[in-house]
Amino acid sequence: MSKQHYTPKPLKRKLRGYAFDPSLSLKIETSDFNEVTYRVPWEEDLTPGPKGEYLEIIDFDPTIKNSEGEYGVFYKGVDLNDPYILAEDGLTPSDSNPQFHQQMVYAVAMKTIKNFEKALGRKIIWREKAWGSIRESYVERLRIYPHALREPNAFYSPAKRALLFGYFRSSPSEKQLHMPNSWVFTCLSHDIIAHEVTHAILDGLNVYYNEPTNPDVLAFHEAFADIVALFQHFTMPEVLKSQIERTKGNLEDQNLLGQLAQEFGSAVGGYGSLRDAIGYFDKEEKVWKRITPDTSEYETVIEPHKRGSILVAAVFDAFLTIYKARVADLKRIAADYKGTHEEGDLHPDLVNRLAKEASKTAGHVLSICIRAIDYCPPIDITFGEYLRAIITADCDLVDEDKNHYRLAFIDAFKRRGIYPKGIKTLSVESLRYSEVDINGNSAEMVKTLTRFLKDYSRIMKFRPKRKDIFILTKVHISGDSSKVGLHEKMYEQITMNEDFELLTGIMTNDSFQKFGMNPSSYTKEEESEKPTFRITNLREVSRIGPTGKKVNQIKFSIVQTARLMPKADGTFRAGKVDEEYMRFRGGASFIFDLDTEELKYSIRKPIFDPKDHSRLDEKRLKRQYNYQYDPEMNGMSELERYFDLNRHTELQEPFALLHNH
Amino acid sequence: MAKKITSCNIQMYTMGTGDCFLLSFKGDGDQKPQFKLMIDCGVQSISGDNMRPYAMKIIEETEGEVDALLITHEHQDHVLGFQRCKKEFKEHLKVKELWLPWTENESDALVKEWKDEFGKKKKALAMATDLLNKHTKSDLFEQIYNVGPRGARSFNARKGISNSLMELSNLNTEPMGAAGDYIGGLKGMEVVKNDIERERLRFLETGTVLEDIEGLQNIRIYILGPPKMWKDVKTHHGKDGETYKHNKELEFVRAFSSLPFEEDDSESDPFEKVHITQYDSDAKTKYAKSKNKTYSRIKESYTKPENNYRRIDFDWLMSAANLSLRLTKGMNNLSAVLAIEFIDSGKVMLFPGDAEFGSWRSWHEIDWDEKGKDGQTHLTTDLLNRTVFYKVAHHLSHNGTARELGMDLMTNKDLVAMATLDYDVISPSWKNTMPNRALLKELLKKTSGRFIVLNPKGLHVDKANTTKLTDEIDKRLGNLSQAKQKEFKVDRNEFFVQYTVNGS
């Protein structure tokens, strides 16, 4: 492109795509709104593939033979800057053109990333490599392979930092639901793309959330990915209005907004969508029915997707409660108006107003869900802790809860039997994490931290480049020749012992070596040994709430890992390097308020027993062991069991086989 | 003059994990059996030399003739013996009647159609497995998966998957030939069908009852499986709008993998060839040159050695894992299932092959001509209630015995069970699902220890592997009354374990 611009650079690139997936374009009642135009940020340096700042789409299909008879071909990479394509807002949606497939994954993935960044208040960084120098460990782009597998499956591969999408021949249970034996491409489903990208984003935010240490962890990953995909439906005005018209504004009736992966669901032999947050299809009676919340499910359902659905349903339920309250007045007005108007469809103005409220509420709920991630413990997450995080994050950003968002969440979780452990009553006050109580000993440490983090914040100001953010942050953690890093700063504080342990949840007393924790390399000769720990997720966060309140924070996590080998008698010994040991972790997430210069929260999950810091938290350890080592308890599929993909082994692909249907 | 059958001696041959049974039916005071039924002759793996003594023993025991030979289903652990000792069986064993499940009746067009489709899946599995296995030995495979501090584990885990896959593939189908050609179905099955001398062939129709068989007076054989379900599916296919029961266990035929090996030709590729790009060394036009540039750039990024860990060349072959398991389950569910009843006493012996849950469920949906003995209960339930001998399906796996629709209904106080599991001869990956501890416990309880395992060595009843199965069996047997202990007589020699069911 020429250097001289007479017109300002466009802010958005418009790309056509499916709102849901190709199957809805074939149905009269949905075809009108299924083709939408995605507006994604204008990337000046987008090259064919497309390859941009965040994503690199490589359309390599390993399942097709090339002209030499070897497996693997490249489909032509789309050039979204081609003037013909630009002029038409992208290629026309089509399932027979792989270039459109590339455009579709790019558009939906970018949209998801941007939604995330907005709610999170910072830039997305993908999971780093575990090898190489700081510079080498940076992963600039997520890889996307739109045609990677020949099966009804798509997954995020943490090892490859890539999304792999499959395609397959359909096998519907009834002919009228789907054309039998036709190709189905998972990379053409908005929901599947958004879901998988969310897995990747979440893994970049916290690597430990794909480590299944209790039944909630993988389920949380799944639920979170579903929540993002679902609420993204509400950002498409055409879709939203059509569904409001259809349900006459009652979004708890059957509608597309609450359903995921329509085509996929029917192509693998189901009735309708793969998942539905509010209802299900009764196969006997052949009707859609609403789900009634069941408090026993959380106790009994272990399989990650199904367990995740409980959390998705809770969040969607909270959304519906809030939405209903917000549109109650509009409905009353409409009811009055109806008297003079004939029965039937809603007035278009009312549809618009309802859609606006629904979209706004959905945006709020999604932001709340995303922001809460920062307020979760860094390891071993449970749904209950997530609820506490939601409440705490929202209290920080919104002073007065006029629309009762928080109550709606609490109620929805309660109805599904999801209660956080260790709180006495279920109220906003008790759920909200209490602010850090700083006593004489820890005051010194907090002061040191404050100085350090302020310095970090100053240096991080006005750094738009993700790579700079990554490298500078890593240097701040590990330190370099000119500067002592956060890790060492923390290490220096270990002398305060008991208080340090209470604040961080990591074990610093002499017992640590019994549990396979290594002594730190910082230890000077004259000192007694102190343990290693890891600092992760250091980031500056700046958010603006719905009421305009600004929050400026720095967050980081500290994690310690015990390496344990289970013994036959149910106890553990320290694991050796080359063994298939179990990792038991503890630690805390810190939130530091830049405006008040205070350490605000320390959200802990101690590695030690709260009553005796020289022992591990044996209750939690036992739970984790039972979960990870007993295939009959942890909801592993027969496939996982047969191929020995235990919850504690490291295939580095927790989602690959999980997503099999 | 034929007498009423009142007992059945059951020999379980002990080559290793796999089924091979000889049932000898006798009347009171008979020296020789009136009817000999052989069920399967397989083991997961065995050499010809090791198999031969067993084959000769079977021939000796049967005096070279069986009244019927039943093959429950085409899996190596049920037919390998015939392949390994083809010569011996061909020359020395006569079969009066060969019994096969109706799903082997290829003169039925529907069966044929389905078998072709099933065959394609097997072929795809064999090819994918073979290809994956070759790749695991390549440098690129290691470069992709053995990366980073814990790469070796990930790499080894993948090699493990490939090995497990090979085991499952070999259970279902012959491995690929040295020349990369697909050989086809199991040879042992071919030997049974084509080589062993027989007088008649009988296809067992599910839902029917074999009565008045010569030599089997006082015996009725109920055919409980394989399920008819998939046939119903096929029958209904032509009629639009008509619905049928969706049977997940059996609906594995298509969508669960769409490996290219299943396709007949490349016409069925998802996209037109024009979309595939490669380097055009004759590029002259500006367009062609820019196309080359794009192609080179993308390819370079993909093949850069430092990016090898991101390559996806082989991940698609892992789809075969899912396919292999579904095929195996599918075939298990196609097992012939026999409930053999002593008419006078009502006692039942259950031989379900390797039937898994889907099959067990279908038994309860069979439209029998009659009800159970009380005139009300569904006959299947009644048969299970009266079962005194149970050949445990599928080597003690979790799915091999349905709980509510199976185990819970076997309420007879004198239940004896036999299971064909042997940790000395077994695919390593099978140990992950066999035995299922809950099932093991339930069987021990239900049988009060009258539980015979092909080789109990190395089996434990608890998670921590501290309580030996043999100890637990002995303990429970010790709690039985003297009379019952005496009744439960098990002989074991180097070829088989035997137990005689008292049918009166």
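This short talk walks through selected features of a predicted model with chains A and B.

Strand β1 of chain B, residues 5–13, runs antiparallel to strand β16, residues 496–502, and seven bridges join the two.

I now move to chain A and to strand β8, residues 162–169. How many of the eight residues of this strand are buried? The count is eight of eight. As a general point, side chains in a regular strand alternate between the two faces of the sheet. In β8(A), one side carries A:Ala162, A:Leu164, A:Gly166 and A:Phe168, the other carries A:Leu163, A:Phe165, A:Tyr167 and A:Arg169, and both sides are covered.

Which strands pair with β8(A)? Strand β6 of chain A, residues 142–149, pairs with β8(A) in the parallel sense over four bridges, and here A:Ile144 stands opposite A:Leu163. Strand β7 of chain A, residues 154–157, runs antiparallel to β8(A), again with four bridges; A:Phe155 stands opposite A:Leu164. The hairpin of β7(A) and β8(A) has four residues between the strands, and A:Arg161 takes a positive phi near 50° there. Strand β9 of chain A, residues 183–185, is joined to β8(A) by three bridges in the antiparallel sense, with A:Phe168 opposite A:Val184.

Next, the two chains together. In chain B, 52 residues are in contact with 62 residues of chain A. The elements that give two or more residues to this side of chain B are α6 (151–172), β9 (276–277), α9 (286–303) and α10 (319–333). By class, this side of chain B has 20 nonpolar, 21 polar and eleven charged residues. Strand pairing also crosses between the chains: β5 of chain A, residues 71–75, runs antiparallel to β9(B), and two bridges join them. In β9(B), B:Ile276 is the bridge partner of A:Tyr75.

Finally, some backbone details. A cis peptide bond with omega of about -5° joins A:Gly49 and A:Pro50, and A:Pro50 is placed in the loop between β2 (35–41) and β3 (55–57) of chain A. Another cis peptide bond, with omega of about -5°, joins B:Met434 and B:Pro435; B:Pro435 is in the loop between β13 (416–422) and α13 (437–447) of chain B.

B:Glu63 is not a glycine, yet its phi is positive, near 55°. This residue is found in the loop between α1 (48–62) and β4 (65–70) of chain B. Is B:Glu63 buried or partly exposed? Burial requires 20 or more other C-beta atoms within 10 Å; B:Glu63 has 13 and is therefore partly exposed. Thank you for your attention.

Definitions and conventions
Residues numbered from 1 in each chain as written. Chains lettered and ligands numbered in written order. Predicted model: local features only at pLDDT ≥ 70, side-chain atom pairs only at ≥ 80, totals over all residues. Pairing = 2+ DSSP bridges. Buried ≥ 20, exposed ≤ 12 C-beta atoms within 10 Å, placed from the backbone. Contact = placed C-beta atoms within 7 Å. Nonpolar A, V, L, I, M, F, W, Y, C, P; charged D, E, K, R; others polar.
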